[in-house]
Amino acid sequence: MREVRYREAVREAILEEMERDERVFLMGEEVGYYQGAYKVTEGLLEKFGEKRVIDAPIAEAGFAGIGVGAAMTGLRPIIEFMTWNFSAVAFDQILNNAAKMYQMSGGQLRVPIVFRGPNGAARQVAAQHSHSMDPFYAHIPGLWVCAPSTPRDAKGLLKTAIRDDNPVVFLEGETLYNVKGELPDAGEEELIPFGQARIAREGDDCTIVTWGRPYYTAMEAAGKLSEEEGIECEVIDPRTLRPLDHDAIIESVKTTNRCVVVHEHWPYGGPGAEIVDRIQRDAFDYLDAPVLRVSSLDVPMPYALNLETLVLPTPARVLEALKKVTYR
Amino acid sequence: MSARADELKPLFRQMFLIRRFEEESARAYAQGKIGGFLHLYIGQEAIAVGTSAALEPDDYVVQTYRDHGIALARGTSARAAMAELFGRATGCSRGLGGSMHMFDAERGFLGGHAIVGGHVALAAGAAFKSKYVGEKRVTVCFFGEGATNIGGFHEGLSLAGLWKLPIVFVCENNEYSMGTPLHRTLAVEDVTKKAPGYGMASDRFEGHDVLLVRERMGKAIERARKGEGPTLVEIRTYRFRGHSMSDPGKYRTKEELEARKKKDPIPFARAALEKAGASAEELDKIEDEVEQEITDALHFADESAPASEDAVTAFVYAPSEAARRAAEVDARANGVAGPHAAADAEE
């Protein structure tokens, strides 16, 4: 094993898959000469040249559409959004073209494409740049949606995504790029299958389901609860929101009888609510407390730091929810 | 002193104010007093100031996220703008918007916008309103050359041209779309070549001479005001700093930057003023006044209360008109100055 940052893990996955398959190319804003707005794609232009690492102008609907068309006709594009916030202007391409083509064409046309980029609030970038886009894309049948929390998951899932024959929405954490984590040694290939959750922490008292940035918030809260109250949480990171590892969540809740879902997206609907629905449906008789959710507040993100801190999930809010469901 | 100097002096002052405001905001950013993104307008000041000088006070302006310059040029106080950057309750967007989302509805500044191209049709909407109600107001919409590739730009221009809306579209072509030079983002570098396709007039010139900007923008604004339809104006300019504070700007050479700084609009205006008979003492005095204004703004921002926690939920939905009126009446009765309290008191 070796320690690698999240951004490097993403880069390794792109690099290895581009080396493996000539049909894979990377397109997006500032991915080439600028080396990536977040330096994720550093060195790729030098390695693969302008033909395969393509700087696109600010035209998200345009280059997302070019990606879909190229995928339908045999290439395997990786389309980078500088941030997922900007995917909103390309939403039609993802919703109406990428996600539906295979079905509309009666199975004649596959769309093997990966849309990727940083997701979620960064720090004080305000209302238009702080979206957690998970619910918009997880809602759409025909897409796979990955939301890796750790470098290892980022790499293993991205490799799977690039090889998959369906459109994949790959949500990287904007504030996770510097996070370090263990990765298998160079040369040891690891592909992480979709729909397989990772149990990040074992415990019998309460289940936490979480992904992305809030995964770290939840882990911190779980640690505190163990220290302060001796209550042990089982932390489940689904890693992919579509497909969702239904069984892992249900099995855990059957053991712990309690659950808190921690996510960054707004509380109205979304994967957070989907998970709660599944638990009430398939583990109803096992529950000792209502399932709670800790999310961002139901407001557009304010700029001021003191207000942003109130809006995003914090360890204190997670702790409060955990105490509530464990009746402390 | 000549008439020309009299005209130029207030414009020089405004440009200098914007420059000093941003230099100090860059410093405050380095000190951690400002967060998020900070996109500086340094080098482009003559465009905001010259355009603003050609506008009537109640005209509308819409800008991208590089919005400090136009906000100040339209009359937003340095205090309110700096307090916004500091995330304070007294900021021009109550600390909710930050650098990229300054607003001043009272002065017709419809905001800084952070999704490229998203504000172009919105600006056309403001112009649509003016045509709809039959007023003589004009809208000016700014954007960079990088925005001319995106759908929102084309749809906005398409509709404005079709419906002959009273608007001027201003492409502030600073040659770099973040880190990418324009020859790698535009198939045709002359942005105004797009104008005929949308059935609108166009103009194209360099943007370091504030009086020239005022004159040429004035013509386009007049055309819109007379109901002769929109104009697409391309103003060639250059930003002296990176795209934002996190961009070291390694994609351009030092030589290029130094060459372009020779066309810095502020020394250019000062030289023109001296030539027109303004004394150095007089100009130094203007600069001193600006320094005081900036010092005061920094102090005001520092001393202001943090953004109010109530603001997190207070502005998600606007209350009904009746509820708004009731709140104003209530505020007057309790001696609390609402946003319209002063104006109402004079009635």
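**View 1. Strands β6 and β7 of chain A pair in parallel.** In this predicted model, β6 covers residues 144-146 of chain A and β7 covers residues 168-173 of chain A. The two strands are joined over 3 bridges. Trp144(A) stands opposite Val168(A) of β7(A). Val145(A) faces Val169(A), also in β7(A). Between the strands, the chain passes through helix α7 of chain A, residues 151-163. This β-α-β crossover from β6(A) to β7(A) is right-handed.

**View 2. β5 and β7 of chain A run parallel.** Here 6 bridges join β5(A) to β7(A). Val114(A) has Val168(A) as its bridge partner in β7(A). Val168(A) also stands opposite Trp144(A).

**View 3. β7 of chain A is buried on both faces.** On one side lie Val168(A), Phe170(A) and Glu172(A), all buried. In total, 6 of the 6 residues of β7(A) are buried, so the strand is largely enclosed by the rest of the structure.

**View 4. An open sheet of 7 strands in chain A.** The strand order is β3-β2-β4-β5-β7-β6-β12, with mixed pairing. β3 (53-55) and β12 (240-242) of chain A stand at the edges. Each of these two has a single partner strand, so one side of each is left without a neighbour in the sheet. From one strand to the next, the twist averages 20°. Helix α3 of chain A, residues 60-72, packs on the sheet. Helix α3 touches β2 (24-28), β4 (76-80) and β5 (114-119) of chain A. The direction of the helix makes about 165° with that of β4(A).

**View 5. Chain B meets chain A.** On the chain B side, 33 residues are in contact with 28 residues of chain A. Helices α6 (151-162) and α11 (311-314) of chain B each supply at least two residues of the side that touches chain A. The largest share, 3 residues, comes from α11(B). By class, this side of chain B has 15 nonpolar, 16 polar and 2 charged residues.

**View 6. Chain B is divided into two domains.** Domain 1 of chain B spans 3-316. Domain 2 of chain B spans 318-347. Taken over C-alpha atoms, the centres of domain 1 and domain 2 of chain B are separated by 32 Å.

Key
Residues numbered from 1 in each chain as written. Chains lettered and ligands numbered in written order. Predicted model: local features only at pLDDT ≥ 70, side-chain atom pairs only at ≥ 80, totals over all residues. Domains from an automatic or database assignment. Pairing = 2+ DSSP bridges. Helix = DSSP H or I, 4+ residues; strand = E, 2+ residues; numbered from the N terminus. Axes fitted to C-alpha atoms, helices over the stretch in contact; angles between N-to-C directions. Contact = placed C-beta atoms within 7 Å. Nonpolar A, V, L, I, M, F, W, Y, C, P; charged D, E, K, R; others polar. Buried ≥ 20, exposed ≤ 12 C-beta atoms within 10 Å, placed from the backbone. Right-handed = clockwise from strand over helix to strand, strands pointing away.
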